Amino acid sequence: MYTERAVRRTYGARNERAARTMATFIISLCAILMLTTVSGLICRKAQLPEVIGQILVGILVGPSLLGVMHMSDSLSLFSDLGIIILMFLGGVGCDLQLLKKYSKAAVIIACMGVVFPVAVMGGVSLLFGFKPIPAAFIGVVFSATSVSISVAVLKEAGLLDSKEGVSILGAAVADDVIGVILLSVMCTLVNTGSVDVAGLGLILLKQVLFFVAAAVVVWVAPALMTLAGVLKAPSGIAVMAVIICLAMAWASNLAGLSYAVGAFFAGIAVSNSDYAEDADRYIEPVGDTLFVPVFFVGIGLQTTGVDDTKMIVFIAIMTVLGVITKVVGCGLGGRMA
């Protein structure tokens, strides 16, 4: 009898904690949606991308300023789904033929957009007293490009299927691949002082296998979408599109790339079918209403305040240089292409 009462108390306490966690998540979600709706209105009035307001909302309510909201496991899950859906929709809205046409330009832009930040940001870090390897690591981190923000801004501006849009997205994906390789090299250097050639080779092999799989999916996806359309199951087209999206996101993560890359190629695969508009029409409202705002607010929630004067100066300088090196590097790449 005592054991039974103890078990009931344990389960009762566990259920109570779960209920509190759920309640916190629901009220946080309500607050995020309300605040991003207001910030979206302000950004539209100011002719700014809505994503800027969403990130600023996260910074405002997060640990950096007010500290009334933190990144929980539930919000993190919604955030991950947000970037997957956003990148999938970006791929659906992207012209596959244009992407192929400007793929060479995208690679040139990506390479130039990596070289400039690594050289400049690494050099400035040395001036601030960082040792060579940590300075190089900082340079590599600044070479990264946010594919998700690029997609959000281009999508809002209606430029996803333009030659500039596909060049930017292609460059961002190529940048992600280059970034994974460079970060892998830097991580082994920081941890062991040498480069793990075998580990690097394995990473490259995984990425090659992923892109081979992506090419197969681009070829197979139209048939799968047609099958979903012929079966006429309730929401069958949307369900098949989501299955392709999540499977590709999982595969890219398995290859060491971000979920965003896999979801983007899943979108491109679906865009190659006759049901691209249907998939976009079913999935976009759910993503834009619920998941995508949580992702961008989550970026702000994960920032933290700094009270070290030297570090504040360093952050300010690196922020300005981060913008300049990307604009100049990618701009020169675009001119070369």
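The largest pocket has a volume of about 1100 Å³. This is a predicted model, in which local features need pLDDT of at least 70 and side-chain atom pairs count only at pLDDT 80 or more, while totals for chains, interfaces and linings use all residues. Residues are numbered from 1 along each chain as its sequence is written, and side-chain values use heavy atoms, with hydrogens and water left out.

**Exercise 1.** Describe the lining of the largest pocket.

*Solution.* Start with the terms. On a 1 Å grid over the protein atoms alone, a pocket is an open set of points where a 1.4 Å probe fits, with protein on both sides within 12 Å along at least five of seven lines; lining residues have an atom within 4 Å of a point. Grid points are joined across faces, edges and corners, and the volume is the space filled by probe spheres set on them.

Next, look at the centre: of the 31 lining residues, Ala144, Thr145, Ser146, Ile149 and Ser150 are the closest to it. Then turn to the helices, which are DSSP runs (H or I, at least four residues) numbered from the N terminus. Helix H8 gives the largest share of this lining, 7 residues. Helices H2 (50-61), H5 (103-127), H7 (147-157) and H13 (309-336) are also among those that supply at least two residues each.

Finally, sort by class: 19 lining residues are nonpolar, 8 polar and 4 charged. Here Ala, Val, Leu, Ile, Met, Phe, Trp, Tyr, Cys and Pro count as nonpolar, Asp, Glu, Lys and Arg as charged, and the others, Gly among them, as polar.

**Exercise 2.** Now do likewise for the second largest pocket.

*Solution.* The volume comes to about 490 Å³. Its lining has 24 residues, with Ile83, Thr145, Ser146, Ser148 and Ser258 nearest the centre. H8 gives the most to this lining too, with 5 residues. By class, the lining has 12 nonpolar, 9 polar and 3 charged residues.

**Exercise 3.** Is Asp175 buried or exposed, and what does Asp175 contact?

*Solution.* Then list the contacts (heavy atoms within 4.5 Å). Beyond its neighbours within four places in sequence, Asp175 is in contact with Ala110, Gly113, Val114, Ser143, Ala144, Thr145 and Lys326.

**Exercise 4.** Which backbone oxygen lies 2.7 Å from a polar side-chain atom of Thr36?

*Solution.* Thr36 is in helix H1 (residues 2-45) and counts as buried at 7% relative accessibility. The backbone oxygen belongs to Ile32. Leaving aside neighbours within four places in sequence, Thr36 is in contact with Gln54, Pro293 and Val297.

**Exercise 5.** Which residues touch the most other members of the largest nonpolar core?

*Solution.* Such a core is a set of buried Ala, Val, Leu, Ile, Met, Phe, Trp, Tyr and Cys residues joined through side-chain atoms within 4.5 Å. Of the 68 residues in the largest one, the answer is Met87, Phe88, Met225, Ile244, Phe264, Phe265 and Phe296. Apart from this core lies another, of 7 residues, including Met121, Phe128, Met318 and Leu321.

**Exercise 6.** Where is Gln47, and what is its phi?

*Solution.* Gln47 sits in the loop between H1 and H2. Its phi is near 60°, a positive value in a residue other than glycine. At 73% relative accessibility, Gln47 counts as exposed.

Notes: Buried means under 20% relative accessible area, exposed over 50%, partly exposed in between (1.4 Å probe, protein chains only). A polar contact is a pair of N or O atoms within 3.5 Å; within protein, one must be able to donate a hydrogen and the other to accept it, and residues adjacent in sequence count only if both atoms are side-chain atoms.
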